[in-house]
Amino acid sequence: MREKGLFIVFEGIDGSGKTTQLQKTVAFLEERDLNVVVTREPGGTTLGAKIRSLLLDVDNQGMDPLCELMLYAADRSHHVTDTIEPAISRGDVVICDRYALSTLAYQGYGRGLPLDTIRSLNQMAIHGCVPDLTFILDMDPIVARTRIARHRAQEPDRLEQEKLDFFERVRHGYLTEARQAPQRCAVMDGARRPEDVFQSIKEILEPLLCTLR
């Protein structure tokens, strides 16, 4: 049995069903009387919420990609030390909406910043805190955009206003990175029925849950 908790991350482009599956997973874990900490990036801390507002504000369309990368890294570094690591040390299950892989996908594959630079910066920011498992909800960006338009009332944020080819590169980035770490990444077809996707998630989660005290 492990002495610490679990760290599980959900990734994917907006509209892929990531939030729905995260919520289903949290409910499933809580039904098993596990202590669950739900958080997100950016914005999982008080400081992070301020960074998130800068990153997503449509008035900041001209933000330099390197500046954007540094803001995500700053949010992550504080998030890990303030929230994630303490929760794992207590034996909690941490469920995070996006983490370091997002930065590779969005700022690396999407923006075109050097992947080696991002990997090095991520390593500094995560303080050795690596997810036990990352679920990647995969979906064609065209379908994802249709979902967003159908269900969201608010105006799209700065990142959501990017062009389709940007999200195609991001999707490619997620799938490429997942192939390089199959032991830690599980790609889910977000176009399937939500109930079927969640069934697959539960089947993958069960062996991990058995390692908890």
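The model is predicted, so local features need pLDDT of at least 70, side-chain atom pairs count only at pLDDT 80 or more, and totals for chains, interfaces and linings use all residues. Residues are numbered from 1 along each chain as its sequence is written, and side-chain values use heavy atoms, with hydrogens and water left out.

Helices (H or I, at least four residues) and strands (E, at least two) are DSSP runs, numbered from the N terminus. Two strands count as paired if DSSP finds at least two bridges between them.

Strand β4 covers residues 133-138. It pairs with β5 in the parallel sense over 5 bridges. Along this pairing, Ile-136 stands opposite Val-187, and Asp-138 stands opposite Asp-189. β4 also pairs with β1 in the parallel sense, over 4 bridges. There, Ile-8 stands opposite Leu-133 in β4.

Burial was assigned from relative accessible area: buried means under 20%, exposed over 50%, and partly exposed in between (1.4 Å probe, protein chains only). β4 is mostly covered, with 6 of its 6 residues buried. In a regular strand the side chains alternate between the two faces of the sheet. In β4, Leu-133, Phe-135 and Leu-137 point one way. Thr-134, Ile-136 and Asp-138 point the other way.

In α4, 11 of the 11 residues are buried, so the helix is largely enclosed by the rest of the structure. Among these buried residues are Leu-101, Leu-104, Tyr-106 and Tyr-109. The buried residues of α4 pack against β1, α3, α5, β4, α7 and β5. Gly-112 follows α4 and has a positive phi, near 90°.

A nonpolar core is a set of buried Ala, Val, Leu, Ile, Met, Phe, Trp, Tyr and Cys residues joined through side-chain atoms within 4.5 Å. The largest core has 22 residues. Phe-10, Ile-95, Phe-135 and Ile-201 touch the most other members. Elements giving two or more residues to this core are β1, α1 (18-31), β3, β4, β5 and α8 (194-209). The largest share, 6 residues, comes from α8. Leaving aside neighbours within four places in sequence, Ile-201 is in contact with Phe-10, Gln-21, Thr-25, Phe-135 and Met-188. A second, separate core holds 20 residues, including Leu-69, Ala-73, Leu-101 and Met-139.

The structure holds 13 salt bridges, each defined as a side-chain nitrogen of Lys or Arg within 4 Å of a carboxyl oxygen of Asp or Glu. One of them joins the side chains of Arg-98 and Asp-14 (3.3 Å, N to O). Arg-98 lies in the loop between β3 and α4, and Asp-14 in the loop between β1 and α1. This pair links distant parts of the chain, 84 residues apart. Arg-98 is buried, with a relative accessible area of 11%. Asp-14 is partly exposed, at 22%.

Glu-162 and Arg-111 also meet in a salt bridge (2.7 Å, N to O). Glu-162 lies in the loop between α6 (141-151) and α7 (164-180), and Arg-111 in the loop between α4 and α5 (115-126), so the pair ties together parts that are 51 residues apart in sequence. Glu-162 counts as buried, at 19% relative accessibility. Arg-111 is partly exposed, with a relative accessible area of 23%. Both residues belong to a network of salt bridges that links Glu-68, Arg-111, Arg-158 and Glu-162.

A further salt bridge joins Asp-196 and Arg-193, with the closest N and O atoms 3.2 Å apart. Asp-196 is partly exposed, at 30% relative accessibility. Arg-193 is exposed, at 51%.

Key:
Contact = heavy atoms within 4.5 Å.
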